[in-house]
Amino acid sequence: MAHLLIVEDDELLRDGLSAQLARAGHRIDTAADGQQALDLLQAQAFDGVVLDLGLPRVDGLTVLRRLRERLPALPVLILTARDGVEDRVAGLNAGADDYLTKPFNLDELRARLQSMLRRASLPAFGAGPVPAPATPAAGSAWRLDPVLPRAWVGQDPVELTQREWVLLDLLVRQSGQVVSREDVLSAWQGAPGEAGGATSNALEVYVHRLRRKLADAPLNIRNVRGLGYLLEAAPGA
Ligand code: CA
């Protein structure tokens, strides 16, 4: 169960969302405008926010920027108009974790929220670059940044795309076990993508890119034929 804030000025949509998410077991608070959202965020602790961008009094982007100053790690999913490509980009740049375009399917919203909250519940989330859980190479040789899409090799940041980051996160959390192609493809569905539908062929390209980007890190992404990928410590690490 998570404590969620839904910020939406459309009353029907707001009520529908909160009913649906309450039924899924979450504790819900709602705000009908941006100022009310900021007041609630100041007064209470939330696990995640669903934020409409077009809001009265204080617009959604401003809410997002202000909450990011104080709460850099709070998961935020923004709702944008279907043709609002610029909004979407601005929202992601302002620190949204994911987005949905209206009209959206409630099942999809639930799935995106779940995946966002799961990513956020990594231990030490919000504390900046920290050792990732169950990293095969213990110590500070390399680590996955739990907040931003990047890894650290020693003191050097390695920028990752969202998909590379989600893939690596999955491998780290199941390190020593095979991660199936299906698991990666379904995790990607919950991530803000660079492109549309991903295929197994695309997965090979991403794995190849990750290996290259992390060539200096003491890890090895092994291809287990017919099954998937396995993260292990590099020989001699
Ligand atoms: Ca609106």
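Helices and strands here are DSSP runs, H or I of at least four residues for helices and E of at least two for strands, numbered from the N terminus. With that, the loop between β3 (48-52) and α3 holds Arg57. Phi of Arg57 is near 70°, a positive value in a residue other than glycine.

Some ground rules. This is a predicted model, in which local features need pLDDT of at least 70 and side-chain atom pairs count only at pLDDT 80 or more, while totals for chains, interfaces and linings use all residues. Residues are numbered from 1 along each chain as its sequence is written, and side-chain values use heavy atoms, with hydrogens and water left out.

Confidence next. pLDDT is the predictor's confidence in each residue, from 0 to 100. The protein chain has a mean of 82, and 84% of its residues reach 70 or more. Strand β2 (residues 27-31) has the highest confidence, at 97. Helix α4 (residues 85-93) has the lowest, at a mean of 81. Over residues 123-139 the pLDDT is below 50. Beyond near neighbours in sequence, that stretch still has 35 contacts in the model, a contact being heavy atoms within 4.5 Å.

Now the helix pairs. Axes are lines fitted to C-alpha atoms, for helices over the stretch in contact, and angles run from 0 to 180 degrees between N-to-C directions. Angles under 35 degrees count as roughly parallel, over 145 as roughly antiparallel, 65 to 115 as roughly perpendicular, and the rest as oblique.

Start with α2 (residues 34-43) and α3 (residues 60-70). Their axes come within 10 Å and cross at roughly 15°. So α2 and α3 are roughly parallel to each other. The crossing is right-handed. On handedness: a crossing is left-handed if the near helix is turned anticlockwise from the far one by less than a right angle, and right-handed if clockwise. From α2 come Gly34, Ala37, Leu38, Leu41 and Gln42; from α3, Val63, Arg66, Leu67 and Arg70. That contact divides into 5 nonpolar, 2 polar and 2 charged residues. The classes: Ala, Val, Leu, Ile, Met, Phe, Trp, Tyr, Cys and Pro are nonpolar, Asp, Glu, Lys and Arg are charged, and the others, Gly among them, are polar.

The axes come within 11 Å and cross at roughly 60°. That makes α1 oblique to α5. This crossing of α1 and α5 is right-handed. Leu17, Gln20 and Leu21 of α1 touch Leu106, Leu109, Arg110 and Leu113 of α5.

The crossing of α6 and α7 is right-handed. Arg163, Val166, Leu167 and Leu170 of α6 meet Asp183, Val184, Ala187 and Trp188 of α7. Here we have 6 nonpolar, no polar and 2 charged.

On to charges. Side chains of opposite charge can pair when their charged atoms come close. How many salt bridges does the model have? The count comes to 12, with a salt bridge taken as a side-chain nitrogen of Lys or Arg within 4 Å of a carboxyl oxygen of Asp or Glu. One of them joins Lys102 and Glu8, at 3.1 Å, N to O. This pair links distant parts of the chain, 94 residues apart. Lys102 is in strand β5 (residues 98-102), and Glu8 is in the loop between β1 (3-7) and α1.

Last stop, the backbone beside Lys102. A cis peptide bond joins Lys102 and Pro103, with omega about -5°. Pro103 sits in the loop between β5 and α5.
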